[in-house]
Amino acid sequence: MATYRTDHLTGIGARAIPEFDGVHDVWPRGERLRAVREAAAAYKERFKAQGQVRAVKSVDIAAAPYPVKYAFHDAVSVPTLPLISMINRMVVVQYDDFDGRARTLVFEPTVPDGSAEAPFYRNLRKMTAKVPGGKVIERTVLRYYAEPGDVLHGLGLAPDDIDFCTFDHLHVQDPRMILGSTETIEGEAAPRKPLFGGARMLVHSRELATLRSLHPMQWAWYVDGGLGGVDPDKFVTFDSDIELGPGVALLWTPGHTDGNHSLVLNTPDGVWVSSENGISLDNWQPELSRIPGVRRYHENFGREICPNANTLEDSLDQYDSMVKEKTLADRCTADPRWLQILPSTELAPWKRFWPVVPTYAHGGISYGETKGGRR
């Protein structure tokens, strides 16, 4: 079995975030939530004072089906189509690390062919193929916009411009398709080459360990064998909350998965947060939701969030993590009722899925100008 080393954060110009030390160990759970909220508020003040990222651009990659019952913790209270679509967006972030080196990070560079091999989607395809009109259903929920490599080209970047890539978690991701492999993936003619040259993947140690040894309750959402032939040195692992440079951090937000982490960015409009703890702002702000049942979920249970709940590895941790994200995010300049939270895969605002459409959607993020050759 391959072993994975934990790089010293100083080796990548990053550092740990002391404000969150010990908060996930606080007991009882009500006190832990309070500790998480207070730590997030304290860190936000320091985070914003450190500076902003150089540039941020998001580009749509693909839309894929997802069960409504998972999207809002089974809160939707009216008959609907069983599936909605979620749009994956790849986010390119350019920043300077704490040693002053120019860096480029790619967040959520999903390769649709790899995601399709996760057992959940493989089984969904088989089921759809057996249903009359299955091809029509597929066209309703699937859409492809761009491949990660094409996105780079469109932004004026080359694969060798990328230092790091990361996902908030590794559900339906195949690292072989990003980092390359010495083994040939079944059905392909040759081993995959790295998508982003010598870039390494930043991943929480618990998330990588999960992919190496899946529990049956996790199996359906991961690409089993996705580490086959991948060079272990291609991974940079971390164990808690880290900041990569002024204006960019990866915060540990466990619950949806053990190793979930969220991208946090400081921009000219303030702080943005991105993860898949929710698939729309309705998940983080259910009190404002017009999706039937979601506001009632908030009112009936006294909960300030409504989680994306396909895998409740720890629902209390996920609740705390979403509060952590809400505390860090600034208000939207276009409509201050809403927070600057960009789901890493976002509920498609398509009328065909009404009334399960986002009450408000940012639709992407863009600041500054991405530049190739910064290194």
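Which residues does Val356 touch, not counting residues up to four places away in sequence? Val356 touches Val68, Phe72, Val76, Thr80, Ile84, Ile291 and Leu347, where contact means heavy atoms within 4.5 Å. This is a predicted model, so local features need pLDDT of at least 70, side-chain atom pairs count only at pLDDT 80 or more, and totals for chains, interfaces and linings use all residues. Residues are numbered from 1 along each chain as its sequence is written, and side-chain values use heavy atoms, leaving out hydrogens and water.

**The nonpolar core**

- A nonpolar core is a set of buried Ala, Val, Leu, Ile, Met, Phe, Trp, Tyr and Cys residues joined through side-chain atoms within 4.5 Å.
- Buried means under 20% relative accessible area, exposed means over 50%, and partly exposed is in between (1.4 Å probe, protein chains only).
- The largest nonpolar core has 29 residues, and Tyr66, Phe72, Ile84, Ile279, Ile291, Leu347 and Val356 touch the most other members.
- Two or more residues each come from strand 2 (55–67), helix 2 (68–71), strand 3 (83–96), helix 4 (119–130) and helix 10 (294–301).
- Strand 3 gives the largest share of this core, four residues.
- Helices (H or I, at least four residues) and strands (E, at least two) are DSSP runs, numbered from the N terminus.

**Aromatic rings**

- Rings of Phe, Tyr and Trp (its six-membered ring) pair if their centres lie within 6.5 Å; planes under 30 degrees apart count as stacked, over 60 as edge-to-face and the rest as tilted.
- By this rule, the count is eleven aromatic pairs.
- Trp338 and Tyr360 are a stacked pair, 5.6 Å centre to centre with 10° between the planes.
- Trp338 lies in the loop between helix 11 (315–328) and strand 13 (345–347), and Tyr360 in the loop between strand 13 and strand 14 (366–367), so their pair ties together parts 22 residues apart in sequence.
- Both Trp338 and Tyr360 are buried.
- Trp350 and Phe353 also form a stacked pair, at 6.0 Å centre to centre and 25° between the planes, and both residues are buried.
- One aromatic cluster is made up of Tyr66, Tyr70, Phe120, Tyr121 and Trp221.

**Charges over rings**

- A charge sits over a ring if NZ of Lys or CZ of Arg is within 6 Å of the ring centre and within 35 degrees of the ring normal.
- Arg15 lies over the face of Phe98, 3.7 Å from the ring centre.
- Arg143 lies over the face of Trp350, 4.3 Å from the ring centre.
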